[in-house]
Amino acid sequence: MKSLPRCLRFLLIVVGVALIELPVSASHAAAKDTWSGVERIVAVGDVHGDYQQFVRTLRAAGVIDRKNKWTGGKTHLVQTGDVPHRGPASRKAMDLLMRLEKQAKKAGGFVHALIANHEAMNVYGDLRYVHPGEYEAFRAMSSGEVRDAYYKAHVERLQSNPGPEGPPAFNASNRERWDRQFPLGYFAHLLQFAPGGKYGRWIRNHNAIIKINDILFLHGGIGPDYVALTIPEINNRVRSELGDVSKLSGGIVINPEGPLWYRGLAQHDQEAEEPHLQALLNQHGARRIVMGHTIVAQAVMPRFGGRAIFIDVGMSAFYGGPAACLLIEGGQLFAIHRGEKLPLPTTDSQPDLLAYLKQAAALDPAPSPLAKTIASLEAKTAAE
């Protein structure tokens, strides 16, 4: 990243907001990131603004009731990030997670809302993927007055510091373009997600990677550049950079090999990626790694004989995928697919994987989005 996102530069210049470093507090630096002896884990992938699908998934997993209250008892719910962007109801989904964090803690359970690339993008002001409905969710009675104030400051800045060609014509057409560029609710959204805002602080309170029992959970993966880092080192770097945007350049948050972005474990040839995966698991004393970020198929998908599990099923309306998640009970792995509990294959057996995918596909409305994956696997099996 050579410079700050345009909208964040705009905010700093126009309103004179000094976005100074927000240091990671002692409680953040010592935040717990490892748990053991957990009997039941539910892991949900990318939500992308689809509150209804998120709720369906949580209900099917038995962690909330019809009133969206926690019923998971001592279950650990892991949401691997990418709650915002691409859909209109990100704020509702985050507010639900905030409530569930408190309710689960009282019941002896836990909610882990992990930091992912789209959470981070909102914090540092990259709003390329914001759905118009997200701005609408932040619209209030004062939104018009707030936008007017920002526009006035924008005009005054350009008039006092014109470029070589002079200031633009601030006529009705100019104002219409401004209003289209900055819809009502835009500035409240930007400020609430900033490092010191309500949602920015909430995001920065969380981890990017955790370990429960012998399983790592994170959003994207970890590339070779960061395989030697410990879990606390990764989390502290992510939180520190999100508190001070000047640290982003060259940092872990925006690096394609970092935990918010890496796709190698999902997309690279398994034989070629195998040494890296094993080095990663050995580094953290883990047996498996669970990730979102990349849709391998529109179902929970194991790779590397179940040592890597991908839970981004494209559940949001943007992708058209199912309400589905990973369930781990007593060390056994299951997929909850459209409300049904299916054993998840944890070997390299292609017949077992085919049987699982066909079970999942039978639950989908026809034609199942898994049909191509199944056909490809059948062809590969026949060829071998």
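1. Start with the aromatic residues: Y135, Y150, Y151, W178, F182, Y186 and F187 make up one cluster. Keep in mind as you look around that this is a predicted model. The total number of aromatic pairs comes to 13.

2. Now pick out one of those pairs, Y135 with Y186. Two numbers describe a pair of aromatic rings, the distance between the centres and the angle between the planes. Here the centres are 5.2 Å apart and the planes sit at 45°, so the pair is classed as tilted. Y135 belongs to helix α6 (residues 132–137) and Y186 to helix α9, so their pairing ties together parts that lie 51 residues apart in sequence.

3. Are these two tyrosines buried or exposed? Y135 is buried, at 10% relative accessible area, and Y186 is buried too, at 3%. The cut-off for buried is under 20%.

4. Stay with helix α9, which spans residues 186–193. Its buried residues are Y186, F187, H189, L190 and F193. They are on the same side of α9, because they take up an arc of only 160° around the axis. In an α-helix there are 3.6 residues a turn, so residues three or four places apart point the same way.

5. Next, have a look at helix α3 (residues 51–60) and helix α4 (residues 90–107). Their axes come within 9 Å and cross at roughly 35°, and the crossing is right-handed. On the α3 side the contact uses Y51, F54, V55 and L58, while α4 brings in K92, A93, L96, L97 and L100. Sorted by class, that contact has 8 nonpolar residues, 1 charged and no polar ones.

Definitions and conventions:
Residues are numbered from 1 along each chain as its sequence is written. This is a predicted model: local features need pLDDT of at least 70, side-chain atom pairs count only at pLDDT 80 or more; totals for chains, interfaces and linings use all residues. Side-chain values use heavy atoms; hydrogens and water are left out. Axes are lines fitted to C-alpha atoms, for helices over the stretch in contact, and angles run from 0 to 180 degrees between N-to-C directions. Helices (H or I, at least four residues) and strands (E, at least two) are DSSP runs, numbered from the N terminus. A crossing is left-handed if the near helix is turned anticlockwise from the far one by less than a right angle, and right-handed if clockwise. Contact means heavy atoms within 4.5 Å. Ala, Val, Leu, Ile, Met, Phe, Trp, Tyr, Cys and Pro count as nonpolar, Asp, Glu, Lys and Arg as charged, and the others, Gly among them, as polar. Buried means under 20% relative accessible area, exposed over 50%, partly exposed in between (1.4 Å probe, protein chains only). The arc is that of the directions from the helix axis to the C-beta atoms. Rings of Phe, Tyr and Trp (its six-membered ring) pair if their centres lie within 6.5 Å; planes under 30 degrees apart count as stacked, over 60 as edge-to-face and the rest as tilted.
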